[in-house]
Amino acid sequence: MNLKQKVLLLATVPLILAISAISFLVTYQAQSLAKEEIAAFERNMLNAKKLELLNYLSLAQTSIGHIYDPANADNQNAKEQVKEILKTLTYGTDGYFFVYDFEGTNLVHPKQPELIGKNWWELEDTTGNLVIQNLISRARDGGGFHRYLWGKPSSGEIADKISYAVPLDKWNWMLGTGLYIDDVISQVEAFELEVQDRIWQTSIIILIITFTSLGVVFFTGIAINLHERRLADVKLKELTQRIIETQEEERGRVARELHDGISQILVSIKYAHEMALNKAQQAEGDTEEVAKAIDKGANALNIAINEVRRISRDLRPSILDDLGLSPALESLAHEFSERTDIKVKISTVTFKNLLPKDAKTTLYRVAQEALTNIERHSNADRVNLVLSASKGIVTLSIIDNGAGFDIHHLNIKKDPLAGIGLRNMQERLEHHGGELEITSSPKGTTIMAILPKGILRSGGEA
Amino acid sequence: MLRGGSIIRILLADDHPLVRDGLRSCLEMYNNLEVIGEAKTGSEALEKAAELKPDVVLMDINMPELNGLDATEIFAEKHPEIKLLILSMHNNREYISSALRYGARGYVLKDVPSQEVVAAIEAVHMGGTYFSSGVSKILMAYQDSDVEGPLTTREQTILLLLAEGNSNKHVAAELDISVRTVETHRKNIKRKLDISSTAGLTRYAIENGLLSS
């Protein structure tokens, strides 16, 4: 997974998590609130119905009171009178009174007279509720509500019903009346549907917000990414250009060296050999002349060998690989002194080849670049070159006593290579996790190349 | 050119076949010289020498695997009786002085006439030293400023082993050299670093990053 994907993930995952948590909480809260509301509503409605039932029943009790109260337990006449009264008492579309004895035999049922005279002790509704037994038991307890399923007289369909039953103790009778509560239930259901609808709507809104946010994150990410890439592209182009320029310059230099130096010498060797051949072919040829020509050619060959040696040393000093950094620096310093008459005092570390190969090259190139700058710009006459390793940190310092320069205002126009050289040194060191420190004053310049702890022996051969 | 006495048996070590061929044909013109083998790397030179027992090894410096200088140092340890003559393109003082410190008997630049190479072979075979004209000039020029050089590769290896707490015997077994040789190296290391105790060597190795603490 690359950095871009990680950042995108970092931006979107918390967002998605937060929104999921919020929508879950909102849904849960809304649902539990609605459940409470619905329950309260249902309770209130049922309470109203129950109150109604109590009123109806007390009305019925009042209606039969003048016969029941004075009558004794075996007064058949009183019983028949009471049955008649209750049979005629109705209210609303489905309101009526029913009477059973305590054994479950129906005595009064104005809406379903076919029930009268039969025993319904074992009657169950579709949910397994023993309707009559339960009603009788409420009555025996002194009066109470019972809820069950019963056919609605007006439409014939099975509906929820709540009844109140009281005892007529003297006669072991249970008197009851009931109200259908299907209207309550359908209202509750409508209410529940509405709540579900509201929650659904809220969820959709949250979903839309989520997708919008994600879209914003993605598009911003892509926009930023494009911008960064464009910047990086520009930098890369500059770098490539610089590399190409440096490479071309270097190639040009090598080509010049080969053409001006080596090929001229080789041409002279060719002439010498041709002359020797000529002399040898002449019958009266003087062998001494031939020998002289060949000798001249051999001498020129030596010069060519030396040229090649110099060019290859400039390209890549093999001493760096064979003997290590210290001898390479010493060699560099000696040659520099000979060429420029600038005195170089050098002190180096005892160990060799502890540094990885490219770190050695970097330090060598830093020294080379610094010496070149000193020769070109500083007017110094003394240079100190110090390579030290202490506690695993490797430091190369090049100190001169020249005129110094203003680090922040390098005259790049006058000498574009000066700026590039310093930047190059810096980049090379940064590649190894090191740094370049430059301090300059009119009394001289100090360049310090520092390689971090841990560079030693990491890949270097001891 | 025949000088009375035995024939000098020579091993050539150079990674360029053309150079080996050229050298061989030059040397074989002399009756007192015999090229008994060739090697392409420092390690091959060591193997061939153990097998062929040459009198003189002509050693190039730039070779793959083991370079000529490091090979020379191991030659000095394991086959002190074989004379090492460096034959190189390099005319830096650092190469030349290193070759001497590593135990070479002579140093000849590759651009000298072949007579000089022969003279050098004869000189080192007789037990002398030989530097071709360019080389001795370079050595002379810096003689005064030539202080004790840094540790050689071998010395550095031995310092590391000693600093790790190995005994002389152990180091000798590890490097397949005699205990006496280790003893000599140890003395040289202590002298060069100006340290008298083994604990001092360990401390030095840690402080300079040779050994992790």
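# A tour of chains A and B

Start with chain B, whose secondary structure comes to ten helices and six strands. Helices here are DSSP runs of H or I with at least four residues, strands are runs of E with at least two, and both are numbered from the N terminus. This is a predicted model: local features need pLDDT of at least 70, side-chain atom pairs count only at pLDDT 80 or more, and totals for chains, interfaces and linings use all residues. Residues are numbered from 1 along each chain as its sequence is written, while chains are lettered from A and ligands numbered from 1 in the order in which they are written.

**Chain B as a whole**

Of its 213 residues, 39% count as buried. Buried means that 20 or more other C-beta atoms lie within 10 Å of the residue's own; exposed means 12 or fewer, and partly exposed is in between, with C-beta atoms placed from the backbone. Contacts are pairs of residues whose C-beta atoms, placed from the backbone, lie within 7 Å. Among the contacts in chain B with a separation of 6 or more, 63% join residues 24 or more positions apart.

**Where B meets A**

Now show both chains. Here 21 residues of chain B are in contact with 25 residues of chain A. Colour α4 (93-101) and α7 (153-163) of chain B: these are the elements that give two or more residues to the side touching chain A. α4(B) gives the most, with four residues. That side of chain B divides into nine nonpolar, eight polar and four charged residues. In this count Ala, Val, Leu, Ile, Met, Phe, Trp, Tyr, Cys and Pro are nonpolar, Asp, Glu, Lys and Arg are charged, and the others, Gly among them, are polar.

**Helix α1 of chain A**

Select residues 3-68 of chain A. This is helix α1, with 66 residues. From first C-alpha to last, α1(A) reaches 93 Å, close to the 98 Å expected at 1.5 Å a residue. The expected span is 1.5 Å times one less than the number of residues.

Centre on Thr62(A). A kink of about 30° in α1(A) is centred there. The bend at a residue is the angle between axes fitted to the seven residues ending there and the seven starting there.

Next, pick out the buried residues of α1(A): Leu53(A), Tyr56(A), Ala60(A), Ile64(A) and Tyr68(A). They pack against α2 (76-88), β1 (90-91), β2 (95-101), β5 (158-168) and β6 (173-180) of chain A.

α1(A) and α4(A) pack at an angle of about 170°, with their axes 10 Å apart. α1(A) is therefore roughly antiparallel to α4(A). The residues of this contact divide into 19 nonpolar, ten polar and four charged.

**Leu179(A)**

Move to strand β6 of chain A and select Leu179(A). Leu179(A) is buried, with 22 other C-beta atoms within 10 Å. Leaving out residues up to four places away in sequence, Leu179(A) touches Lys49(A), Glu52(A), Leu53(A), Lys161(A) and Ile162(A).

**Two positive phi values**

Go to Asn379(A), in the loop between α8 (357-378) and β8 (382-390) of chain A. Its phi is near 60°, a positive value in a residue other than glycine. Asn379(A) is partly exposed, with 13 other C-beta atoms within 10 Å.

Finish at Glu65(B), in the loop between β3 (56-59) and α3 (68-78) of chain B. Glu65(B) has a positive phi of about 65°, although it is not a glycine. Glu65(B) is exposed, with 12 other C-beta atoms within 10 Å.

How values were computed:
Two residues are in contact if their C-beta atoms, placed from the backbone, lie within 7 Å. Axes are lines fitted to C-alpha atoms, for helices over the stretch in contact, and angles run from 0 to 180 degrees between N-to-C directions. Angles under 35 degrees count as roughly parallel, over 145 as roughly antiparallel, 65 to 115 as roughly perpendicular and the rest as oblique.
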